[in-house]
Each structure stands twice: as structure tokens, then as C-alpha cells.
Amino acid sequence: MAHQVPDDGTLLPLMEEFYTIQGEGFNTGKAAYFIRLGGCDVGCHWCDVKESWDAELHPLTAADKIVENALKYPSRAVVVTGGEPLLYNLDYLTSGLRENGIKTFIETSGAYPMSGQWDWVCLSPKKFKKPAAGIAQHADELKVIIFNKSDFAWAEEHAAMVSAQCKLYLQPEWSKAKEMTPLIVDYVMNNPKWEISLQTHKYLNIP
Ligand SMILES: C[S@@+](CC[C@H](N)C(=O)[O-])C[C@H]1O[C@@H](n2cnc3c(N)ncnc32)[C@H](O)[C@@H]1O
Ligand SMILES: Nc1nc2[nH]cc(C(=O)O)c2c(=O)[nH]1
Ligand code: SF4
Ligand SMILES: [Mg+2]
């Protein structure tokens, strides 16, 4: 079974941490320190980081140490991702980051209740395990992955749940990008409340 992750959030299963450029969504192009937490049971068959799923494989790491590591890099922005980061209580980590002047961004499927204090929430809802009640109201950005045509309807369903200021993105699933990108381009031109988001780090060959 899972690690005994203390529920005070002082220890978190850390898969990797790396300094790169945010490749997706509203903050595309901005340098940020990425913290990838292990553990996810959402089960997206096209997930591009399946190595993250088993939390057991990723060592419990002190949140204080993660903050200390983030401070070694010039950007004062951290993206917490995974895995599904909201499996864990992120209050302690985000207070540590913010006390040190670091802006906190999260990438989440929303499958678990919100924790942590965030400067930017990217919600990417999944059909395989639907978002928790009320989470859509926290989203600054809704980023729906388009794997097939039915995902446009799924995107609209969630657009109806987010706040009026929430930015709306459609992002092609990587393995289907050649096929789905033209459909997304067409959809955005016809429904301009949406914008296209590309995984630019994959084109740039950076993490
Ligand atoms: C690996 S997930 C981790 C965070 C969280 N579990 C989630 O799904 O939002 C990070 C982002 O990558 C997106 N993503 C994962 N696999 C993808 C793929 N094959 N093509 C495009 N986007 C993908 C997710 O939808 C999410 O927005
Ligand atoms: N450069 C870069 N940008 C990203 N934006 C979201 C990512 C993620 O895996 O959560 C990601 C990632 O893995 N790399
Ligand atoms: S929710 Fe995120 S980490 Fe989990 S399987 Fe889906 S894309 Fe991968
Ligand atoms: Mg990624």
C-alpha cells in the first residue's frame, strides 16, 4: 500500500524537481521550478508521465528541502504537478514557498479536494475520475486535453462550471496532435472564448 504520508504535508513523495520553462497554458514561456509529486489513480490511458503513478517509487521528501531547492534558481515561480498533487495536503509546502517570495502554481486534474494557497490554478479535468465538487470555482485556467472529438463537449461542460474570469484552453493530446490540432484550430476560430495550448516544451526539447 501507499507510503504513510503524514497529513500535515511536511513530507511529500517527490518524483523529480527541475528548472525549466512552463510549456503549457496561460503561463507558457515563463521560467519556473517544477515539483513533480508521485502518486495518481486517475488513470488517463494517454498520460505522458505514467512513471509518476506509483507513489511508493518516489521518496518522501521534506517540504522544507523542496523550498530550499527552489530558492537556488532565479525564477520566483514554482509549478507543483505530478502525478496528482492534490492527493496530498499542500498547505505546508505552499506557505513555505510564499513566505520565501515564491509564486505558487498548480497543475491538477481536480480529482481530490483543494489544499494549498495558489497564485495560479490550472484545472485539467479528466473523464476517468471526475473533478471533486466545487473545485472548478478555484480554477484560473481550464485546460482540456483533446484526444478525440467527444472531448469538445467535455470541455464545454466544464467551461460552464468555472468562474467568468477563468481562461479556457484546448490542448491536443500529444500522440493525437497531428490529427486533432486542425480540429482544435477550427473549434477556436468558431468559439473564440477558447484558446489553443500546445505542449511547447516538447517542441523545444526541454523538460
Ligand atoms: C501529467 S499532468 C499532472 C497534473 C495532474 N495530474 C493533471 O492531470 O492535471 C500535467 C498536465 O499534462 C497534461 N497531459 C498529460 N498527458 C498529456 C498528453 N499525452 N498530451 C497532452 N497533455 C497531457 C495533463 O492534462 C495536465 O494538464
Ligand atoms: N516545460 C514543462 N511545462 C509543463 N507544464 C505542465 C507540465 C506538467 O507535466 O505538469 C509541464 C512539463 O512537464 N514541462
Ligand atoms: S490525472 Fe494527470 S498524472 Fe494522473 S493519469 Fe491523468 S494526466 Fe497523468
Ligand atoms: Mg508534462
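Around ligand 2 in this predicted model sit Thr20, Ile21, Gln22, Gly23, Glu24, Val49, Thr81, Glu107, His201 and Pro207. Here a residue is near a molecule if its C-beta atom, placed from the backbone, lies within 6 Å of it. By class, this shell has three nonpolar, five polar and two charged residues. In that sorting, Ala, Val, Leu, Ile, Met, Phe, Trp, Tyr, Cys and Pro are nonpolar, Asp, Glu, Lys and Arg are charged, and the others, Gly among them, are polar.

A word on conventions before going further. Residues are numbered from 1 along each chain as its sequence is written, while chains are lettered from A and ligands numbered from 1 in the order in which they are written. Because the model is predicted, local features need pLDDT of at least 70 and side-chain atom pairs count only at pLDDT 80 or more, whereas totals for chains, interfaces and linings use all residues.

Now turn to ligand 1. There are 18 residues around ligand 1, and Asp48, Glu107, Ser109, Ser124 and Trp174 come nearest. The shell around ligand 1 takes at least two residues from each of strand E4 (77-82), strand E5 (103-108) and strand E7 (141-146). Strands (E, at least two residues) and helices (H or I, at least four) are DSSP runs, numbered from the N terminus. This shell divides into six nonpolar, seven polar and five charged residues.

An unreviewed UniProt entry gives the feature "binding site" at Cys40, Cys44 and Cys47. UniProt positions follow the numbering used here, feature names are shortened, and annotations may be inferred rather than shown by experiment.

Is cysteine 40 buried or exposed? Cysteine 40 is buried, because 24 other C-beta atoms lie within 10 Å. The cut-offs are 20 or more other C-beta atoms within 10 Å for buried, 12 or fewer for exposed, and partly exposed in between, with C-beta atoms placed from the backbone. You will find cysteine 40 in the loop between E2 and E3. Apart from neighbours within four places in sequence, cysteine 40 is in contact with Ser52, Trp53, Gly82, Gly83 and Glu84. Contact here means that the C-beta atoms of two residues, placed from the backbone, lie within 7 Å. Cysteine 47 also has its place in the loop between E2 and E3, but cysteine 47 is partly exposed because it has 17 other C-beta atoms within 10 Å.

The unreviewed UniProt entry also lists "binding site" for Trp46, Cys47, Asp48, Gly83, Ser124, Pro125 and Lys126. Tryptophan 46 belongs to the loop between strand E2 (31-37) and strand E3 (60-62). With 11 other C-beta atoms within 10 Å, tryptophan 46 is therefore exposed. Not counting residues up to four places away in sequence, tryptophan 46 touches Phe147, Glu173 and Ser175. Glycine 83 is in the loop between E4 and H2, and the peptide bond from glycine 82 to glycine 83 is cis, with omega near 20°.

Next, look at a pair of helices. Helix H1 (residues 63-70) and helix H2 (residues 91-99) pack at an angle of about 30°, and their axes are 9 Å apart. The axes are lines fitted to C-alpha atoms, for helices over the stretch in contact, and angles run from 0 to 180 degrees between N-to-C directions. On the H1 side, Ala63, Asp64, Ile66, Val67 and Ala70 meet Tyr92, Leu93, Gly96 and Leu97 of H2. This contact has seven nonpolar, one polar and one charged residues.

Finally, visit tyrosine 169 in strand E8 (residues 167-172). Tyrosine 169 counts as buried because it has 23 C-beta neighbours inside 10 Å. Leaving out residues up to four places away in sequence, tyrosine 169 touches Gly25, Glu141, Leu142, Lys143, Glu195 and Ser197.
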